[in-house]
Each structure stands twice: as structure tokens, then as C-alpha cells.
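Colleague: Please show me how to read a few features of a model, one at a time.

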Amino acid sequence: MPDLSEVTNMEDLKYVDFPVVLPLLEEKSRQLQFGMPSEPLLGALLRVLAASRPGGRFLELGTGTGIATTWLLDGMDVHATLMSVDVDETMQRVACEVLGHDQRLTLLVQDGVRFLKGQQARSFDLVFADAIPGKYEALEDALAVVKVGGFYVIDDMLPQANWPTGHAEKVPVLIERLASCSEFILLPLVWASGVVVAVRKQ
Ligand SMILES: C[S@@+](CC[C@H](N)C(=O)[O-])C[C@H]1O[C@@H](n2cnc3c(N)ncnc32)[C@H](O)[C@@H]1O
């Protein structure tokens, strides 16, 4: 049996150009010992989803140092906007230094639950929930802000070395909750760190 990736020329990242500032963000993340950066596979997925919504409104919960932020910005057109929220000012400052000049981006140092509570229902084309808020807390609030046809995206669903005690039990509960939500169509992907993409139905 030949290696199918050779026959079809299919490789996950072979044709994916990385955002120009990604190496700088990764270097700064290493210097700050930021231990939770998104990986390129997830970034490439977020970028293509962002590109599907010209003029879209996007939300990232958990900026970190801005790694997924730069992938999202790379996919967005000039009219789209992105809000990214984090409680950690030190980490988010990296995103601000490297990406803050981009007028499409708003960076907020704020608790994600508090932020979600202040948003209008069905007001974002994509929510990337990469913090406890929006996933394990205030899930309903995060889902509520997704527009019809919009995306709700999470990762880190496959076992991770840095999971704290008790976290592993919460993951299947979250996936089951999403799967039982009749307002969304779900695509769990055993890919990258374990991704779930959900789209709000009409
Ligand atoms: C997995 S990291 C985010 C990684 C980032 N999105 C990336 O692409 O590299 C999770 C982030 O959530 C932030 N966080 C933790 N609690 C939070 C809260 N209550 N509200 C908002 N952000 C929070 C952490 O400070 C951390 O930067």
C-alpha cells in the first residue's frame, strides 16, 4: 500500500503559508515562558474560517500572546474586526506590541465571562473560545453570541500534558453538551490538539 500522502500530495501544512509575524510571536512567547500557544494546524483552520466571512465580526477568548490572533487577522479582509480578551495583561502585551497597529483588532484586558455577559446575542461570525470562559464556564453565553451560520471553535480536546487534575473529566462533558445542542451542527476533529467546530443553524 503506497503512502497516500505521497500519491495525493496531501499534507496538512505543506501548502500553508504562516503569518509573517508568527516567528516573532513564538519567540516572545518562549521568552515569557507562555506555555499554552496555539499550534499551526489550528491557526490554519481559524484563518480559513475567518476568510469565509468578509466584513465579519470575530471574537477570541484568551489572547495569550496573540498567536491565534495573528492567524485570524491573516484570514480576515480589511472590513472585518476582531476582539480578543484576556485577563493576563503581561501576555496580551506581546500581542499589543506586535499586532496592536492593526486597526481591525481590539485587545481587551477583561475577564471572559464578564465580557460575554455584556455582548448582544448572535453578534459574532466566529467565536474562538480558548480560555476557561466560553468553554468550561459561561458556555451558554459564548454560544449565544454566535450568529446564525457562525462558527464556535474550541481546541485542546485531546489529552494534554499540562492538564490540571480533574480537567480530563470535564472534556467529555463539554463535548456531550455541545453534541446535545440542537441549535448547532457539530464537527469534532481528532486533529491538532483536538478541535471542535460548531455552526449555528437557522
Ligand atoms: C490557551 S491560552 C490562549 C492561547 C492563545 N489563544 C493562543 O493562540 O496562543 C488561554 C488564555 O486564557 C487566559 N484566561 C484565563 N482565564 C481567563 C479569563 N477568566 N478570562 C479571559 N481570559 C482568561 C489566560 O491568561 C491565557 O492567556
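**Helix packing and ligand site**

Modeller: Helix H2 (residues 22–31) packs with helix H4 (residues 67–75) at an angle of about 170°, their axes being 9 Å apart. This is a predicted model in which local features need pLDDT of at least 70 and side-chain atom pairs pLDDT 80 or more, while totals for chains, interfaces and linings use all residues. Residues are numbered from 1 along each chain as its sequence is written, and side-chain values use heavy atoms, without hydrogens and water.

Colleague: How is H2 oriented to H4, roughly?

Modeller: Angles over 145 degrees count as roughly antiparallel, under 35 as roughly parallel, 65 to 115 as roughly perpendicular, and the rest as oblique. H2 is therefore roughly antiparallel to H4.

Colleague: Which residues make the contact?

Modeller: Contact means heavy atoms within 4.5 Å. H2 supplies Leu 22, Leu 25, Glu 26 and Ser 29, and H4 supplies Ile 67, Thr 70 and Trp 71. Of these residues, four are nonpolar, two polar and one charged.

Colleague: How many residues surround the ligand?

Modeller: There are 19, and the closest are Ser 38, Gly 62, Asp 86, Asp 111 and Asp 130. A backbone N or O atom of Gly 62 is 2.6 Å from a ligand nitrogen atom, and a side-chain N or O atom of Asp 111 is 2.7 Å from a nitrogen atom of the ligand. The protein covers 87% of the 600 Å² of accessible area that the ligand has on its own (Shrake-Rupley method, 1.4 Å probe).

Colleague: Where is Trp 163 found?

Modeller: Trp 163 sits in the loop between strand S5 (146–154) and helix H8 (170–179). Beyond neighbours within four places in sequence, Trp 163 contacts Asp 156, Met 157, Leu 158, Ala 168 and Val 171.

Conventions
Axes are lines fitted to C-alpha atoms, for helices over the stretch in contact, and angles run from 0 to 180 degrees between N-to-C directions. Helices (H or I, at least four residues) and strands (E, at least two) are DSSP runs, numbered from the N terminus. Ala, Val, Leu, Ile, Met, Phe, Trp, Tyr, Cys and Pro count as nonpolar, Asp, Glu, Lys and Arg as charged, and the others, Gly among them, as polar. A residue is near a molecule or strand if one of its heavy atoms lies within 4 Å of it. A polar contact is a pair of N or O atoms within 3.5 Å; within protein, one must be able to donate a hydrogen and the other to accept it, and residues adjacent in sequence count only if both atoms are side-chain atoms.
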